[in-house]
Amino acid sequence: MTPRYPLAATLYPYARVPAQDAAPVRHPVVIVGGGPVGMALALDLGRKGTPVLVLDDHEGVGQGSRAICFAQRTLDIAHRLGPGARMVGKGVVWNVGKVFHGEERVFEFDLQPEPGHRHPAFINLQQPYFERFLVEAIRDAREEGAPIEIRGANAVTGLTRHADHVALDIDTPDGPYAVEADYVVACDGARSPVRGMMGLGFDGRVFEDNFLIADVRMTADFPTERWFWFEPPFEGAGQSALLHKQPDDIWRIDFQLGWDIDRAAELDPARIRRRVDAMLSSRTGTVPDYDLDWTSIYTFQCRRMHAFRHGRVLFAGDSAHQVSPFGARGANSGVQDADNLGWKLDLVLKGQAPDALLDSYSSERVAAADENILASSRATDFLTPKSDASRLFRDAVLTLARDHPFARPLINSGRLSVPRVYDGGALNGPDALDGPAISCVGAPCPDAPLDAGFLLDRLGGGFVILTVDAEAPARVEEEGIVATRLALTTRDHDPTGALRARYLGGAASGVWLIRPDQHVAARWAHYDEAALRRALRIATGREAGP
Ligand SMILES: Cc1cc2nc3c(=O)[nH]c(=O)nc-3n(C[C@H](O)[C@H](O)[C@H](O)COP(=O)(O)OP(=O)(O)OC[C@H]3O[C@@H](n4cnc5c(N)ncnc54)[C@H](O)[C@@H]3O)c2cc1C
């Protein structure tokens, strides 16, 4: 087997297993692909006690940064699963972005959310670190008994669907063997061999543009900010350029080259250096010492599969949907796919929810993908106007924005990843509290500092009845699903007022049913036993919503 890409680190070397010499063994879940999405899902399922097998055709993480911006919601999920602190500890925290048009700075934004969140709006962290920390967290979880197995150099080459299982053919350095699974999750990336094996396609657009990435190692005193240029003033930079800091003194530089390019010539290190020299010297007139750490040219698509569930095969991450890198919505939304799917698969496999619960994975995450594709397509259209009229509009906005604040929000250099609110989702119960929109039904729970620690830590990973200044029983069990109460009061647990502001607003009391992925399933002003039980049935796919 020849690796398709060089590794940054070998993390799960190939090891022959007895299953290769036996009749196919049945697994509850097999994840195809050990990228960030597959590993996040494996960690979630394993920590819940559901046995999971990850098959990856390589033995570790690939070289090259690819994703660098990881959003607050991803960090919240990673914190719940284990590796969050390592990611934030290594990552570069940034909040300020500056937008230039030619030489002139036209716009500046600050993503620093209001205080009272454990995590910053974003960190910059090379994708290989992100994946490595996930694998380390899997090792830690395994030591605590989590049933997660990773098989490196196991390439899935065939898939057959049966009524009650899926059969997979696997190639290894020792030759082929087969496994069976109750459910298969295809996390095998944008080219998804599994999607190909099932003859499934994509709907969407291919954007005709090429971007050169250069990851440059240097010790420079550029501030820790995201700098974006439309029509950069330095030679050979193309139509736009981006500069971003990563850990280990690495800087990410992107140049938009246009469509009709000679790829090999553009990847010539001498040519890349001329471009980088021009950008780096534009500020000080001198070129600092630097090394080219990694270079690549990418194009991109904004597209998704029609549905993310096909019977016993589910698709997550880049295999299901793709967006442009501007906006950092690829890995961030893929981790949210994993977060949405983990608890549902777990409940279905434990017999605590009907198989139909998995349909909501597709409908909720398809809606999220559409939101991301729309944001990404708009940014791309702004960056690369496709008609004279859209170029005129873009240039007018950039000119006006220098002096007129109203034009600044129209500048789109990639609106950054935000989590999806599952409004109108199939699992939503009643929204019967006149409370803030930020914690409405379908929303991911906003964090809040409590008297001790943060709210999201206290919510954990099961169904929770959150009460603020309201009564409820300590525990409710409905058809095998247990919801436990987290009882808070604004008097005793809300030192900063953030809990009141984010959950109650003007209301005197509130009761929320929170899902295991920490999205709000229903909310009321007061506890009502029958209403809560019904909401639990709706949230687990046993009953249709209101
Ligand atoms: C230049 C660039 C910049 C980006 N920047 C950002 C950013 O800042 N923020 C962000 O959120 N996203 C960003 N992205 C997107 C991000 O890199 C992807 O969305 C992310 O890698 C998707 O993860 P995944 O796990 O779905 O797929 P992948 O990371 O592609 O992983 C798929 C895995 O499946 C394995 N595999 C494939 N075929 C098989 C097979 N037959 N059998 C077994 N295993 C198989 C692969 O080897 C791989 O390990 C960027 C992408 C690019 C190209």
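Residues are numbered from 1 along each chain as its sequence is written, and side-chain values use heavy atoms, without hydrogens and water. In this predicted model, local features need pLDDT of at least 70 and side-chain atom pairs count only at pLDDT 80 or more, while totals for chains, interfaces and linings use all residues.

Me: How far apart do the C-alpha centres of domain 1 and domain 2 lie?
Reply: The protein chain is divided into domain 1 (1-88 + 129-208 + 294-420) and domain 2 (431-539), with bounds from an automatic or database domain assignment. Their contact (heavy atoms within 4.5 Å) takes 15 residues from domain 1 and 16 residues from domain 2. The C-alpha centres of the two domains are separated by 29 Å.

Me: Which element gives the most to the lining of the second largest pocket?
Reply: α2 (72-81) and β8 (104-110) each supply at least two lining residues; helices (H or I, at least four residues) and strands (E, at least two) are DSSP runs, numbered from the N terminus. The largest contribution, three residues, comes from α2.

Me: Which residues line the largest cavity?
Reply: A cavity is a set of grid points where a 1.4 Å probe fits but cannot get out. The structure holds one cavity of 30 Å³ or more, and α2 gives the most to the lining of the largest cavity, with four residues. The lining consists of Ala 40, Thr 74, Ile 77, Ala 78, Leu 81, Met 87, Phe 130, Leu 134 and Val 335.

Me: How are α8 and α9 oriented to each other?
Reply: The axes of α8 (residues 330-349) and α9 (residues 357-383) come within 9 Å and cross at roughly 170 degrees. Axes are lines fitted to C-alpha atoms, for helices over the stretch in contact, and angles run from 0 to 180 degrees between N-to-C directions. Angles over 145 degrees count as roughly antiparallel, and α8 and α9 are therefore roughly antiparallel.

Definitions and conventions:
Parallel < 35°, antiparallel > 145°, perpendicular 65-115°, else oblique. 1 Å grid on protein atoms, 1.4 Å probe; cavity = no way out; pocket = protein on both sides within 12 Å on 5 of 7 lines; lining within 4 Å. Points joined across faces, edges and corners; volume = space filled by probe spheres on them.
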